[in-house]
2 protein chains.
Amino acid sequence: MNFVHPDSRRMSDVIPGWLEQRAQTNPDHPALIYAGGAISYANLAARAAVVAGQLRRLGVARGDRVALLLGNRPEFAELVHALPRRGAVAVPLNCRLSPTEIAQQLADCSPRLLVYDSAVRETVAAVRKNLSMPAANVDPDALGGDPVLEQVSAELETGSVRIDLQSVHSIIYTSGSTGRPKGVLLTYGNLLWSAVGSAFNLGVHHDDRWLACLPFCHVGGLSILMRSAIYGTTAVIHNGFDPAQVDRALDEDRVTIVSMVANMLQRLLDTRGDRPYPPWLRCVLLGGGPAPLALLQACHARRVPVVQTYGLTEAASQVTTLAPGDAERKLGSAGKPLLGTEVRLAGANGPVAPDGVGEILVRGPTVSPGYLDPADNAPRHEGWLRTGDLGRLDAEGFLYVMGRQDDMIITGGENIYPAEVEAVLQEHPAIAEACVFGVPDARWGAAVAAAIRLRRGATAEPSELSEYVCRRLARFKAPRRIYFVEEFPRTSSGKIVRQQVRATALSS
Amino acid sequence: MNFVHPDSRRMSDVIPGWLEQRAQTNPDHPALIYAGGAISYANLAARAAVVAGQLRRLGVARGDRVALLLGNRPEFAELVHALPRRGAVAVPLNCRLSPTEIAQQLADCSPRLLVYDSAVRETVAAVRKNLSMPAANVDPDALGGDPVLEQVSAELETGSVRIDLQSVHSIIYTSGSTGRPKGVLLTYGNLLWSAVGSAFNLGVHHDDRWLACLPFCHVGGLSILMRSAIYGTTAVIHNGFDPAQVDRALDEDRVTIVSMVANMLQRLLDTRGDRPYPPWLRCVLLGGGPAPLALLQACHARRVPVVQTYGLTEAASQVTTLAPGDAERKLGSAGKPLLGTEVRLAGANGPVAPDGVGEILVRGPTVSPGYLDPADNAPRHEGWLRTGDLGRLDAEGFLYVMGRQDDMIITGGENIYPAEVEAVLQEHPAIAEACVFGVPDARWGAAVAAAIRLRRGATAEPSELSEYVCRRLARFKAPRRIYFVEEFPRTSSGKIVRQQVRATALSS
């Protein structure tokens, strides 16, 4: 067949910048709502153009990486939307990391420029003692109308912005709950497809306001910013998770969708108490790993429209999400793949039996082309990404996530998934939270252990808790050792760092 | 940078079949509502798999074309969704064409198979006298549970369906209001992007039901079927336009969106009268060329949520659409480009002055890779498709469509756009519809003429009508000749065939 344009296959991958297009189509619609204000799409695009001029002045050119070490501030959005004008790649870093960790990631991605805000000034000073690198500070009063970057003269970037869906938009470091953080390359196309898949599952309403209380250095936070701009809807941004602020935002900022992990959601429920949730809140998207059934039941009882999702950085966030209509019937499931995405399970020795557990493999246009460091890239057979997560598919094809493959405990030849045991423990009235892991055992290879955080004022005997599990699961799944803790170590996306809990327990 | 999969750029273009994915994620949701029934996504996919088996039995293989000569019946959907299973291309043909015209299109696309329904049995018999070609009849009782194709044994196609977004999904013949019909190649990607762009302008609601009373042989009808399957929402399909049936469907079938052309919408308004429109009707998408301002004003007065769109087959339907929020403020405009799409104007001698008129050029991922016949393909500079339509962009970037370039009348060096004159004429209380065109004039090169359909029982003098225009527009725009007609010739998508009106007038 004859194609008019010899490069027409390629042409269809190049589209106008989505922020700039929204500034055209929805100029007055709020793009961001943040503590103390709001900014329209027209203004956000105008400010991004000024920031792009500052970045040019600082030498940022096509293909360069720019590390962003700042919180969920509107300036983050201005920066991340300015970079496409320069053809540069965003590398959002985690403000909560130590100077050593940040230096490691900066060395890994060698950015042209590090942009940081005042809250991490000391960390940056420590990093720069050993690592020389141009840096720019975000003006603390940037929103007063001044240019975003302090002491950099503004030079407006004009002209239209065009983006190639195949090119890299950002590099996101995995939270590193296991091993050294890896830089995941995400293309414009990955992010666009993620937005499309989410839209065609959850719907898109003109008045949607999606609350981002997850940090922008993680894909769960960043993708809210991206998809809101793609849809032309509003992102409500919180710098850190404060249950009282989220509670207030649901009512006063008319939040329609919020992304959370289980721990945050529990704290929100505790904060809100018996007050009903506003009618416009149409989706609480719950990610970050298997959720306690008790939490889901509590949400159901209080009519919180919670839907579970399974996602990962390597797939630009959501892979499967429960459709709101199935939320009640399939409590505990992370749902089915989004449009364009495929999921299958792989056993250690080939196919997985029906309803059996296997490693979750993912394929589709949201899947990252690879890691920044080639050494991190494992081969993909027919495009399937191995996630390292374990899951089960029921007869109807609903996914149930069982946790990390590395967390699985093999005791006397039996496989135990910590999430299953944790779910039972967390139904115990005295238990607020549980973290299950394996410890060495001379006879069985490994034994089940649990770290337990009790509810305030509650008490429990280890033997009673083990017995509680025995009555509900096979005896070999009951914890042999129980440790009581006051608080769990968490990643900045709110997940419990299981390996750290385990290490602390073993050394106690 | 290192990409894990050497072919990862390519992999992202291959996704699961969208019908099959919807059968997985939304099995019980109604895919189609039609006269006398409804069919769920699970059942539609199951039936499409049977039809695919029938097509295989008939020898349809990868790359083959299958001509579909049938109305807006559920079997059309089953066929068009069965073809991706065979890797074959759909060529929907217009049942209202003459045997000669159909034979011409069949000769042009040389399909492996012609599928037709009983309503066109005689046309097909006439065609096949001169053109030998395998053909299959759609069983009139197909929905009784029998296989769709009559007297073809069913052999179930199993296995998953994967589609390459770069490959051709269908060939649609342009309605041919000017010249010989041309076969437009539309890829899966064109259709997907069209669905995405529409979604992120109009929104996607879980309970959306989009009424297709435009024929599936045109992109305006076919795209409803495609985007409903992509979204997992419902298409309500009418076999032909019957204002009373549309009126009933708005209420009883809870239609939320309907696509129409101006003439249909006027008839709907006349049929419905003063009864209020249901609250769930959130969009009447009005395409098919410039709409009379009086019609838009009547819709506004009756609170009909009408939004104008500008589209064409070569761009898989919508190019620009007015956002519902701008519908009132920008009455008469076709809005702004959808996500991913760009529009600009080209003058005969270069750039167009601000607020000036020029040819509309379109670029983006919805734009067809070309026509089936290479001879039809004009070169595209930097990917821009020349539409042959004239438009004006206001200071805010809203598009106003002025009609076909070929319809423009040049009189004494002045350009006159028929749509502008028609809009004025149609505000005259005696006039139901007007069609303006140029006729030869010895002194000025061309003169303005108008064919007029009066309202029932109304009368008007030609001189009075000319004077009416003179009072509202420059004198040279007033029609010098006026013809009264009882009815206008129309394309099957409902557009007046201006050249035919003109030819009839000149020969009268």
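1. Over which residues of chain A does pLDDT stay under 50? That would be residues 1-6, and for that stretch the model has 14 contacts beyond four places in sequence. This is a predicted model, and where pLDDT is low, the predicted coordinates should not be read in detail. I'd treat those contacts with that in mind.

2. For chain A as a whole, the mean pLDDT comes out at 90, with 95% of residues at 70 or more. On the complex, the predictor reports an ipTM of 0.88 and a pTM of 0.90.

3. Now to a sheet in chain A: three strands, open, ordered E25-E26-E27, with mixed pairing. E25 (431-441) and E27 (481-484) of chain A each have a single partner strand, so they stand at the edges and one side of each lacks a neighbour in the sheet. From one strand to the next, the twist averages 25°.

4. Within that sheet, E26 of chain A (residues 445-454) runs parallel to E27(A), and the two are paired over four bridges. If you want a spot to look at, Ile452(A) has Phe484(A) in E27(A) as its bridge partner. Helix H12 of chain A (residues 418-425) packs on the sheet, where H12 touches E25 and E26 of chain A. The direction of H12 makes about 140° with that of E25(A).

5. Over in chain B, have a look at the hairpin formed by E21(B) and E22(B), with five residues between the strands. E21 (residues 385-393) and E22 (residues 399-404) of chain B pair in the antiparallel sense over five bridges. Asp389(B) is bridged to Arg404(B) in E22(B). In the turn, Gly397(B) has a positive phi of about 90°.

Technical notes:
Residues numbered from 1 in each chain as written. Chains lettered and ligands numbered in written order. Predicted model: local features only at pLDDT ≥ 70, side-chain atom pairs only at ≥ 80, totals over all residues. Pairing = 2+ DSSP bridges. Axes fitted to C-alpha atoms, helices over the stretch in contact; angles between N-to-C directions. Contact = placed C-beta atoms within 7 Å. pLDDT = per-residue confidence, 0-100.
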